[in-house]
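Please find below a note on the structure shown here.

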Amino acid sequence: MKADLRPLLAGALLAFSSGCHIDILRFRTGVPLDREKFAALEPRKTTRGEVLEELGAPQKVEWKSGKDYFWYLHSDKVDTGVRFQFPPFRTVAGYQQTFLRLNEASEDTNAMELVFGEDGVLERKSLRMSEAYNPPRQDTDDWKLHLSAHGDYSLMLLGDGGLADYDDLFKPGYRVGLGLGWQPVPVCTLLARTSYQEHPGDSIENQGQEISVGDLHLYGLEIGVRLAAPLSLLRDFTDYENVKRVLFEDDLSRSTGFRFYLEGTTGVMLNSNVTVKINGTRAGNLYDNAYQFSGALEAGLEYGLKWGAAHIGITYQTIDPFDKGSTRLDDDAGAFQAVLLGGGLSVKF
Amino acid sequence: MKFSLIIAALAAFSAPGCAVLGRAQKDHRISPERLAEVKKGMAKEDVTRLLGAPQEIIFSNKEHDPLREHAYVFQHATTKYTAIFFLFLNFGNQDEKHDRVVVFFDDLGRVDHVGATLVANTAAYGFPFGR
(Lines give C-alpha, C1' and ligand atoms only; values in the text may rest on other atoms or scores of the structure.)
Protein backbone atom coordinates (compact mmCIF):
# COMPACT_ATOMS: atom_id res chain seq x y z
CA MET A 1 0.00 0.00 0.00
CA LYS A 2 1.47 3.39 -0.96
CA ALA A 3 2.13 5.63 2.01
CA ASP A 4 0.42 8.57 0.22
CA LEU A 5 -2.89 6.72 0.00
CA ARG A 6 -2.87 5.27 3.49
CA PRO A 7 -3.78 8.44 5.39
CA LEU A 8 -6.60 9.14 2.95
CA LEU A 9 -7.93 5.60 3.28
CA ALA A 10 -7.60 5.73 7.04
CA GLY A 11 -9.47 9.02 7.10
CA ALA A 12 -12.20 7.61 4.86
CA LEU A 13 -12.49 4.51 7.02
CA LEU A 14 -12.74 6.65 10.13
CA ALA A 15 -15.29 8.95 8.51
CA PHE A 16 -17.56 6.14 7.39
CA SER A 17 -17.06 3.94 10.45
CA SER A 18 -18.22 6.76 12.68
CA GLY A 19 -21.43 6.74 10.61
CA CYS A 20 -21.80 3.01 11.21
CA HIS A 21 -22.74 1.74 14.64
CA ILE A 22 -23.34 -1.70 16.04
CA ASP A 23 -25.67 -1.62 19.03
CA ILE A 24 -26.09 -4.42 21.53
CA LEU A 25 -28.85 -3.59 24.00
CA ARG A 26 -30.54 -5.50 26.82
CA PHE A 27 -33.46 -4.66 29.08
CA ARG A 28 -34.24 -6.78 32.12
CA THR A 29 -37.17 -6.37 34.51
CA GLY A 30 -37.82 -8.33 37.65
CA VAL A 31 -36.20 -11.29 39.32
CA PRO A 32 -35.37 -14.45 37.30
CA LEU A 33 -37.76 -17.33 37.94
CA ASP A 34 -36.62 -20.48 39.72
CA ARG A 35 -37.60 -23.78 38.12
CA GLU A 36 -36.79 -25.72 41.27
CA LYS A 37 -39.07 -23.62 43.45
CA PHE A 38 -41.83 -24.01 40.89
CA ALA A 39 -41.38 -27.78 40.88
CA ALA A 40 -41.67 -27.83 44.68
CA LEU A 41 -45.21 -26.35 44.59
CA GLU A 42 -47.86 -29.05 45.00
CA PRO A 43 -51.42 -28.52 43.74
CA ARG A 44 -54.12 -29.35 46.34
CA LYS A 45 -51.52 -29.09 49.09
CA THR A 46 -49.47 -25.85 48.98
CA THR A 47 -51.26 -22.86 50.48
CA ARG A 48 -51.28 -19.24 49.40
CA GLY A 49 -49.43 -18.26 52.56
CA GLU A 50 -46.67 -20.78 51.87
CA VAL A 51 -46.27 -19.49 48.31
CA LEU A 52 -46.00 -15.88 49.50
CA GLU A 53 -43.44 -16.96 52.07
CA GLU A 54 -41.35 -18.86 49.51
CA LEU A 55 -41.68 -16.74 46.36
CA GLY A 56 -42.51 -13.30 47.72
CA ALA A 57 -45.04 -10.90 46.25
CA PRO A 58 -46.31 -11.68 42.75
CA GLN A 59 -46.00 -9.08 39.97
CA LYS A 60 -49.69 -9.36 39.15
CA VAL A 61 -52.69 -10.38 41.25
CA GLU A 62 -56.29 -10.85 40.15
CA TRP A 63 -59.36 -12.14 41.93
CA LYS A 64 -61.99 -13.76 39.76
CA SER A 65 -64.98 -15.93 40.65
CA GLY A 66 -63.64 -16.80 44.07
CA LYS A 67 -60.14 -17.66 42.90
CA ASP A 68 -56.82 -15.83 43.36
CA TYR A 69 -54.60 -15.65 40.26
CA PHE A 70 -50.91 -14.91 40.84
CA TRP A 71 -48.36 -14.13 38.12
CA TYR A 72 -44.62 -14.01 38.78
CA LEU A 73 -42.94 -12.37 35.78
CA HIS A 74 -39.42 -11.79 34.51
CA SER A 75 -38.84 -9.88 31.27
CA ASP A 76 -35.63 -10.09 29.23
CA LYS A 77 -35.40 -8.13 25.99
CA VAL A 78 -32.36 -8.27 23.71
CA ASP A 79 -31.96 -5.88 20.79
CA THR A 80 -29.01 -5.98 18.38
CA GLY A 81 -28.68 -3.84 15.33
CA VAL A 82 -26.49 -2.01 12.84
CA ARG A 83 -27.12 1.66 12.08
CA PHE A 84 -25.82 3.55 9.06
CA GLN A 85 -25.98 7.28 9.51
CA PHE A 86 -25.28 10.40 7.51
CA PRO A 87 -23.47 12.66 7.88
CA PRO A 88 -20.85 10.43 9.51
CA PHE A 89 -20.07 13.19 11.99
CA ARG A 90 -22.77 14.73 14.14
CA THR A 91 -23.43 18.28 13.00
CA VAL A 92 -23.16 21.30 15.26
CA ALA A 93 -26.95 21.19 15.67
CA GLY A 94 -26.69 17.55 16.76
CA TYR A 95 -28.39 16.24 13.65
CA GLN A 96 -27.51 12.82 12.25
CA GLN A 97 -29.92 10.98 9.98
CA THR A 98 -30.18 7.20 10.25
CA PHE A 99 -30.76 6.08 6.69
CA LEU A 100 -30.55 2.36 7.28
CA ARG A 101 -30.96 0.23 10.36
CA LEU A 102 -30.82 -3.54 10.44
CA ASN A 103 -32.32 -4.83 13.62
CA GLU A 104 -33.08 -8.07 15.41
CA ALA A 105 -34.91 -8.07 18.74
CA SER A 106 -36.27 -10.70 21.03
CA GLU A 107 -38.39 -10.15 24.12
CA ASP A 108 -39.03 -13.02 26.50
CA THR A 109 -41.47 -12.72 29.35
CA ASN A 110 -40.95 -15.71 31.56
CA ALA A 111 -44.10 -16.31 33.59
CA MET A 112 -45.26 -18.47 36.48
CA GLU A 113 -49.06 -18.61 36.93
CA LEU A 114 -50.62 -19.92 40.14
CA VAL A 115 -54.34 -20.27 40.88
CA PHE A 116 -55.70 -20.61 44.42
CA GLY A 117 -59.22 -21.63 45.43
CA GLU A 118 -61.44 -19.90 47.99
CA ASP A 119 -59.84 -22.01 50.71
CA GLY A 120 -56.43 -20.55 49.81
CA VAL A 121 -55.02 -23.84 48.52
CA LEU A 122 -53.17 -24.09 45.22
CA GLU A 123 -55.42 -25.51 42.50
CA ARG A 124 -53.10 -25.38 39.51
CA LYS A 125 -49.72 -24.05 38.40
CA SER A 126 -48.02 -23.37 35.06
CA LEU A 127 -44.63 -22.12 33.94
CA ARG A 128 -43.52 -20.52 30.67
CA MET A 129 -39.80 -19.96 30.17
CA SER A 130 -37.62 -19.14 27.17
CA GLU A 131 -35.78 -22.11 25.66
CA ALA A 132 -32.52 -20.22 26.03
CA TYR A 133 -33.06 -19.36 29.66
CA ASN A 134 -31.51 -21.12 32.59
CA PRO A 135 -31.58 -20.18 36.28
CA PRO A 136 -28.83 -17.75 37.22
CA ARG A 137 -25.68 -19.27 38.64
CA GLN A 138 -24.73 -18.08 42.08
CA ASP A 139 -21.00 -18.71 41.79
CA THR A 140 -20.17 -16.85 38.58
CA ASP A 141 -17.41 -14.24 38.66
CA ASP A 142 -18.01 -10.55 38.03
CA TRP A 143 -14.71 -10.09 36.19
CA LYS A 144 -11.34 -11.67 35.49
CA LEU A 145 -7.78 -10.40 35.18
CA HIS A 146 -5.44 -11.84 32.56
CA LEU A 147 -1.67 -11.94 32.44
CA SER A 148 -0.42 -12.84 29.00
CA ALA A 149 2.77 -13.43 27.07
CA HIS A 150 2.93 -13.47 23.29
CA GLY A 151 5.42 -13.94 20.48
CA ASP A 152 5.13 -13.19 16.76
CA TYR A 153 7.19 -13.66 13.62
CA SER A 154 6.96 -11.12 10.83
CA LEU A 155 5.75 -12.68 7.58
CA MET A 156 6.24 -9.56 5.52
CA LEU A 157 7.20 -5.93 5.81
CA LEU A 158 5.45 -3.25 3.82
CA GLY A 159 5.96 0.42 3.16
CA ASP A 160 8.53 2.77 1.76
CA GLY A 161 11.64 3.09 3.93
CA GLY A 162 12.98 6.06 1.96
CA LEU A 163 16.14 4.53 0.64
CA ALA A 164 14.23 1.38 -0.37
CA ASP A 165 11.20 -0.59 0.74
CA TYR A 166 11.31 -1.80 4.33
CA ASP A 167 11.22 -5.34 2.99
CA ASP A 168 14.61 -4.70 1.33
CA LEU A 169 16.15 -2.78 4.23
CA PHE A 170 15.35 -5.27 6.95
CA LYS A 171 15.03 -9.01 7.34
CA PRO A 172 11.97 -10.71 8.90
CA GLY A 173 12.04 -10.25 12.63
CA TYR A 174 10.11 -11.09 15.74
CA ARG A 175 8.03 -9.45 18.43
CA VAL A 176 7.59 -10.49 22.05
CA GLY A 177 5.61 -8.90 24.81
CA LEU A 178 3.61 -9.03 28.00
CA GLY A 179 0.08 -7.88 28.56
CA LEU A 180 -2.52 -7.26 31.21
CA GLY A 181 -6.22 -7.63 30.49
CA TRP A 182 -9.44 -6.89 32.37
CA GLN A 183 -12.36 -9.05 31.31
CA PRO A 184 -15.74 -7.96 32.67
CA VAL A 185 -17.66 -10.36 30.37
CA PRO A 186 -16.53 -13.36 28.29
CA VAL A 187 -16.95 -11.50 25.01
CA CYS A 188 -14.84 -8.43 25.81
CA THR A 189 -11.39 -7.83 27.30
CA LEU A 190 -9.69 -4.48 27.75
CA LEU A 191 -5.94 -4.73 27.19
CA ALA A 192 -2.69 -2.97 28.06
CA ARG A 193 0.44 -4.38 26.48
CA THR A 194 4.19 -3.79 26.20
CA SER A 195 6.30 -5.24 23.42
CA TYR A 196 9.81 -5.51 22.05
CA GLN A 197 10.27 -5.96 18.33
CA GLU A 198 13.45 -6.51 16.35
CA HIS A 199 14.21 -6.57 12.63
CA PRO A 200 17.82 -7.33 11.61
CA GLY A 201 19.24 -4.93 9.05
CA ASP A 202 20.01 -6.05 5.53
CA SER A 203 22.24 -4.86 2.68
CA ILE A 204 21.24 -3.42 -0.68
CA GLU A 205 22.97 -2.20 -3.82
CA ASN A 206 22.37 1.46 -4.55
CA GLN A 207 24.07 3.27 -7.44
CA GLY A 208 26.97 0.87 -7.36
CA GLN A 209 27.46 1.16 -3.61
CA GLU A 210 26.75 -1.40 -0.95
CA ILE A 211 24.47 0.07 1.69
CA SER A 212 24.26 -1.85 4.98
CA VAL A 213 21.48 -0.97 7.41
CA GLY A 214 21.67 -1.60 11.15
CA ASP A 215 19.07 -3.47 13.20
CA LEU A 216 15.72 -1.88 13.98
CA HIS A 217 14.61 -2.18 17.60
CA LEU A 218 11.10 -1.16 18.59
CA TYR A 219 9.73 -0.72 22.13
CA GLY A 220 5.97 -0.43 22.32
CA LEU A 221 3.19 0.39 24.76
CA GLU A 222 -0.38 -0.11 23.56
CA ILE A 223 -3.94 -0.31 24.81
CA GLY A 224 -6.89 -1.88 23.13
CA VAL A 225 -9.86 -4.18 23.20
CA ARG A 226 -10.36 -7.82 22.30
CA LEU A 227 -13.75 -9.22 21.29
CA ALA A 228 -14.16 -12.99 21.39
CA ALA A 229 -17.06 -15.34 20.86
CA PRO A 230 -17.48 -19.13 20.79
CA LEU A 231 -17.13 -20.82 17.41
CA SER A 232 -20.62 -22.27 17.87
CA LEU A 233 -21.93 -18.77 17.22
CA LEU A 234 -20.82 -19.06 13.59
CA ARG A 235 -22.48 -22.42 13.16
CA ASP A 236 -26.03 -21.22 13.89
CA PHE A 237 -25.77 -17.50 13.39
CA THR A 238 -29.31 -17.22 11.98
CA ASP A 239 -30.85 -18.96 14.99
CA TYR A 240 -31.42 -16.04 17.35
CA GLU A 241 -32.25 -18.28 20.30
CA ASN A 242 -28.84 -19.89 19.89
CA VAL A 243 -27.12 -16.50 19.56
CA LYS A 244 -28.74 -15.39 22.81
CA ARG A 245 -27.86 -18.61 24.57
CA VAL A 246 -24.23 -18.39 23.50
CA LEU A 247 -23.66 -14.69 24.07
CA PHE A 248 -25.85 -13.79 27.01
CA GLU A 249 -25.73 -16.90 29.11
CA ASP A 250 -22.01 -17.52 28.81
CA ASP A 251 -20.19 -16.66 32.04
CA LEU A 252 -16.61 -16.08 33.03
CA SER A 253 -16.34 -19.18 35.18
CA ARG A 254 -17.21 -21.54 32.33
CA SER A 255 -15.68 -19.70 29.35
CA THR A 256 -13.79 -22.62 27.77
CA GLY A 257 -13.30 -24.17 24.35
CA PHE A 258 -12.55 -22.65 20.97
CA ARG A 259 -13.38 -19.00 20.37
CA PHE A 260 -12.62 -16.67 17.49
CA TYR A 261 -11.35 -13.22 18.36
CA LEU A 262 -10.78 -9.80 16.89
CA GLU A 263 -8.44 -7.39 18.59
CA GLY A 264 -7.54 -3.75 18.01
CA THR A 265 -4.79 -1.85 19.79
CA THR A 266 -3.22 1.57 19.53
CA GLY A 267 -0.33 3.21 21.32
CA VAL A 268 3.19 4.50 20.98
CA MET A 269 6.34 2.88 19.69
CA LEU A 270 9.92 3.98 20.37
CA ASN A 271 12.42 3.08 17.67
CA SER A 272 16.15 2.86 18.16
CA ASN A 273 18.70 4.72 16.04
CA VAL A 274 19.19 2.76 12.83
CA THR A 275 22.74 3.09 11.60
CA VAL A 276 23.81 2.89 7.98
CA LYS A 277 27.12 2.06 6.31
CA ILE A 278 28.23 2.78 2.78
CA ASN A 279 30.79 0.27 1.52
CA GLY A 280 31.60 -0.60 5.13
CA THR A 281 32.07 2.98 6.27
CA ARG A 282 29.69 4.42 8.86
CA ALA A 283 27.48 7.08 7.23
CA GLY A 284 25.35 8.31 10.12
CA ASN A 285 21.82 7.21 11.07
CA LEU A 286 19.14 6.28 8.58
CA TYR A 287 16.49 6.92 11.25
CA ASP A 288 16.86 8.69 14.57
CA ASN A 289 15.19 7.35 17.66
CA ALA A 290 11.79 8.88 18.35
CA TYR A 291 8.24 8.08 19.46
CA GLN A 292 5.57 7.24 16.88
CA PHE A 293 1.90 6.37 17.02
CA SER A 294 1.21 2.74 16.25
CA GLY A 295 -1.81 0.56 15.74
CA ALA A 296 -2.55 -3.08 15.14
CA LEU A 297 -5.46 -5.31 14.16
CA GLU A 298 -5.36 -8.98 15.00
CA ALA A 299 -7.69 -11.88 14.27
CA GLY A 300 -7.35 -15.47 15.26
CA LEU A 301 -8.43 -18.44 17.30
CA GLU A 302 -8.10 -19.03 20.99
CA TYR A 303 -8.70 -22.06 23.14
CA GLY A 304 -9.98 -21.30 26.61
CA LEU A 305 -9.15 -23.39 29.61
CA LYS A 306 -10.27 -23.00 33.20
CA TRP A 307 -7.00 -21.34 34.19
CA GLY A 308 -6.35 -19.34 31.03
CA ALA A 309 -6.15 -19.54 27.28
CA ALA A 310 -3.85 -20.15 24.33
CA HIS A 311 -4.24 -18.24 21.09
CA ILE A 312 -2.85 -18.05 17.59
CA GLY A 313 -3.50 -15.20 15.20
CA ILE A 314 -2.39 -12.96 12.39
CA THR A 315 -1.68 -9.27 12.98
CA TYR A 316 -1.48 -6.25 10.72
CA GLN A 317 0.69 -3.59 12.34
CA THR A 318 1.30 -0.02 11.27
CA ILE A 319 3.73 2.51 12.75
CA ASP A 320 4.03 6.17 11.79
CA PRO A 321 7.05 7.12 9.66
CA PHE A 322 10.37 7.13 11.48
CA ASP A 323 12.22 10.37 12.04
CA LYS A 324 14.87 11.25 9.48
CA GLY A 325 18.44 10.50 10.49
CA SER A 326 21.73 12.24 9.94
CA THR A 327 22.70 10.46 6.73
CA ARG A 328 22.82 12.12 3.32
CA LEU A 329 20.94 9.14 1.86
CA ASP A 330 17.19 9.27 1.22
CA ASP A 331 15.70 8.76 4.69
CA ASP A 332 12.26 10.26 4.03
CA ALA A 333 10.34 7.15 5.03
CA GLY A 334 6.65 6.29 4.94
CA ALA A 335 4.70 4.31 7.51
CA PHE A 336 6.22 1.03 8.65
CA GLN A 337 3.81 -1.86 8.20
CA ALA A 338 4.19 -5.48 9.10
CA VAL A 339 2.15 -8.65 8.93
CA LEU A 340 2.92 -10.91 11.87
CA LEU A 341 1.96 -14.46 12.72
CA GLY A 342 2.11 -15.56 16.29
CA GLY A 343 0.50 -16.77 19.42
CA GLY A 344 0.53 -16.61 23.14
CA LEU A 345 -0.60 -17.88 26.48
CA SER A 346 -2.56 -16.17 29.20
CA VAL A 347 -3.39 -16.96 32.79
CA LYS A 348 -6.60 -15.65 34.32
CA PHE A 349 -7.45 -15.07 37.95
CA MET B 1 1.16 18.24 13.11
CA LYS B 2 1.41 14.62 12.16
CA PHE B 3 -1.49 13.22 10.19
CA SER B 4 -2.05 10.57 12.83
CA LEU B 5 -2.70 13.27 15.42
CA ILE B 6 -5.34 14.71 13.12
CA ILE B 7 -6.92 11.29 12.78
CA ALA B 8 -6.90 10.88 16.55
CA ALA B 9 -8.58 14.26 16.98
CA LEU B 10 -11.21 13.35 14.38
CA ALA B 11 -11.81 10.08 16.21
CA ALA B 12 -12.37 11.99 19.42
CA PHE B 13 -14.91 14.27 17.73
CA SER B 14 -16.68 11.45 15.95
CA ALA B 15 -17.29 9.41 19.07
CA PRO B 16 -20.60 10.57 20.60
CA GLY B 17 -19.49 9.73 24.11
CA CYS B 18 -17.64 7.20 26.23
CA ALA B 19 -19.93 5.89 28.96
CA VAL B 20 -23.30 6.73 30.45
CA LEU B 21 -24.52 5.64 33.86
CA GLY B 22 -28.00 6.48 35.02
CA ARG B 23 -30.47 5.59 37.73
CA ALA B 24 -34.20 6.12 37.94
CA GLN B 25 -36.44 5.49 40.93
CA LYS B 26 -40.21 5.31 40.89
CA ASP B 27 -42.51 5.70 43.90
CA HIS B 28 -41.57 5.65 47.54
CA ARG B 29 -39.27 3.07 49.02
CA ILE B 30 -40.81 0.40 51.22
CA SER B 31 -39.31 0.34 54.68
CA PRO B 32 -38.45 -3.23 55.81
CA GLU B 33 -38.80 -2.16 59.44
CA ARG B 34 -42.34 -0.87 58.91
CA LEU B 35 -43.18 -3.91 56.80
CA ALA B 36 -42.12 -6.19 59.65
CA GLU B 37 -44.74 -4.52 61.86
CA VAL B 38 -47.59 -5.61 59.57
CA LYS B 39 -49.06 -8.67 61.30
CA LYS B 40 -51.86 -11.11 60.66
CA GLY B 41 -55.17 -9.81 61.99
CA MET B 42 -54.19 -6.13 61.69
CA ALA B 43 -56.83 -3.65 60.47
CA LYS B 44 -56.53 -1.91 57.07
CA GLU B 45 -56.09 1.47 58.73
CA ASP B 46 -53.04 0.19 60.60
CA VAL B 47 -51.58 -1.16 57.34
CA THR B 48 -51.96 2.20 55.58
CA ARG B 49 -50.60 4.01 58.63
CA LEU B 50 -47.44 1.93 58.38
CA LEU B 51 -46.99 1.61 54.62
CA GLY B 52 -48.95 4.58 53.27
CA ALA B 53 -51.58 4.57 50.54
CA PRO B 54 -51.39 1.53 48.26
CA GLN B 55 -50.58 1.94 44.55
CA GLU B 56 -53.27 -0.57 43.65
CA ILE B 57 -56.30 -2.21 45.31
CA ILE B 58 -57.45 -5.63 44.18
CA PHE B 59 -61.19 -6.06 44.63
CA SER B 60 -62.90 -9.36 45.06
CA ASN B 61 -66.10 -9.42 43.10
CA LYS B 62 -68.17 -11.63 45.33
CA GLU B 63 -71.87 -11.49 44.72
CA HIS B 64 -72.74 -10.48 48.24
CA ASP B 65 -69.95 -7.89 48.60
CA PRO B 66 -68.76 -6.68 45.18
CA LEU B 67 -66.53 -3.95 46.55
CA ARG B 68 -64.68 -5.94 49.13
CA GLU B 69 -61.02 -4.97 49.16
CA HIS B 70 -59.15 -8.23 48.67
CA ALA B 71 -55.54 -6.99 48.64
CA TYR B 72 -53.40 -3.86 48.76
CA VAL B 73 -50.34 -3.56 46.50
CA PHE B 74 -47.33 -1.40 47.36
CA GLN B 75 -44.49 -1.03 44.86
CA HIS B 76 -41.19 0.76 44.34
CA ALA B 77 -38.93 0.38 41.27
CA THR B 78 -35.25 1.11 40.76
CA THR B 79 -33.80 1.09 37.25
CA LYS B 80 -30.11 1.35 36.44
CA TYR B 81 -28.88 2.20 32.93
CA THR B 82 -25.43 1.57 31.49
CA ALA B 83 -24.26 2.62 28.04
CA ILE B 84 -20.70 2.28 26.77
CA PHE B 85 -19.65 3.69 23.42
CA PHE B 86 -16.62 2.64 21.45
CA LEU B 87 -16.03 4.16 18.00
CA PHE B 88 -18.56 1.99 16.20
CA LEU B 89 -19.59 -0.60 18.76
CA ASN B 90 -22.07 0.37 21.45
CA PHE B 91 -23.35 -1.55 24.46
CA GLY B 92 -26.46 -0.73 26.44
CA ASN B 93 -27.99 -2.36 29.48
CA GLN B 94 -31.05 -1.62 31.57
CA ASP B 95 -31.77 -3.48 34.79
CA GLU B 96 -35.08 -2.83 36.57
CA LYS B 97 -35.89 -4.36 39.94
CA HIS B 98 -38.90 -3.85 42.21
CA ASP B 99 -39.78 -3.79 45.87
CA ARG B 100 -43.30 -5.21 45.93
CA VAL B 101 -45.60 -5.94 48.84
CA VAL B 102 -49.07 -7.48 48.54
CA VAL B 103 -51.22 -7.50 51.70
CA PHE B 104 -54.23 -9.82 51.56
CA PHE B 105 -57.33 -9.28 53.71
CA ASP B 106 -59.92 -11.80 54.88
CA ASP B 107 -63.70 -11.41 54.77
CA LEU B 108 -63.59 -9.29 57.94
CA GLY B 109 -61.10 -6.84 56.44
CA ARG B 110 -58.22 -8.05 58.58
CA VAL B 111 -54.72 -8.94 57.33
CA ASP B 112 -54.70 -12.57 56.21
CA HIS B 113 -51.35 -12.93 54.40
CA VAL B 114 -48.45 -10.68 53.41
CA GLY B 115 -46.27 -11.31 50.39
CA ALA B 116 -43.09 -9.25 50.06
CA THR B 117 -40.21 -9.13 47.58
CA LEU B 118 -37.68 -6.42 48.43
CA VAL B 119 -34.98 -6.54 45.73
CA ALA B 120 -34.93 -3.01 44.28
CA ASN B 121 -31.48 -2.41 45.72
CA THR B 122 -30.10 -5.33 43.66
CA ALA B 123 -30.51 -3.47 40.35
CA ALA B 124 -27.03 -3.23 38.87
CA TYR B 125 -24.98 -1.42 36.26
CA GLY B 126 -23.18 -3.64 33.78
CA PHE B 127 -22.71 -5.05 30.31
CA PRO B 128 -25.63 -6.64 28.46
CA PHE B 129 -24.15 -10.12 28.86
CA GLY B 130 -24.46 -12.82 31.42
CA ARG B 131 -27.47 -13.72 33.48
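**Note on the predicted model**

1. In β18(A), A:K348 is the bridge partner of A:H146. Strand β6 (residues 144-158) of chain A pairs with β18(A) in the antiparallel sense, over twelve bridges. Strands here are DSSP E runs of at least two residues and helices are H or I runs of at least four, numbered from the N terminus; two strands pair if DSSP finds at least two bridges between them.

2. The model is predicted: local features need pLDDT of at least 70 and side-chain atom pairs count only at pLDDT 80 or more, whereas totals for chains, interfaces and linings use all residues. Residues are numbered from 1 along each chain as its sequence is written, with chains lettered from A and ligands numbered from 1 in the order in which they are written.

3. In chain A, eight strands close into a barrel with antiparallel pairing, in the order β6-β7-β8-β11-β12-β15-β16-β18.

4. A residue is buried if 20 or more other C-beta atoms, placed from the backbone, lie within 10 Å of its own, exposed if 12 or fewer, and partly exposed in between.

5. Chain B comes to three helices and five strands, in the pattern α-β-α-α-β-β-β-β along the sequence. Of its 131 residues, 24% count as buried.
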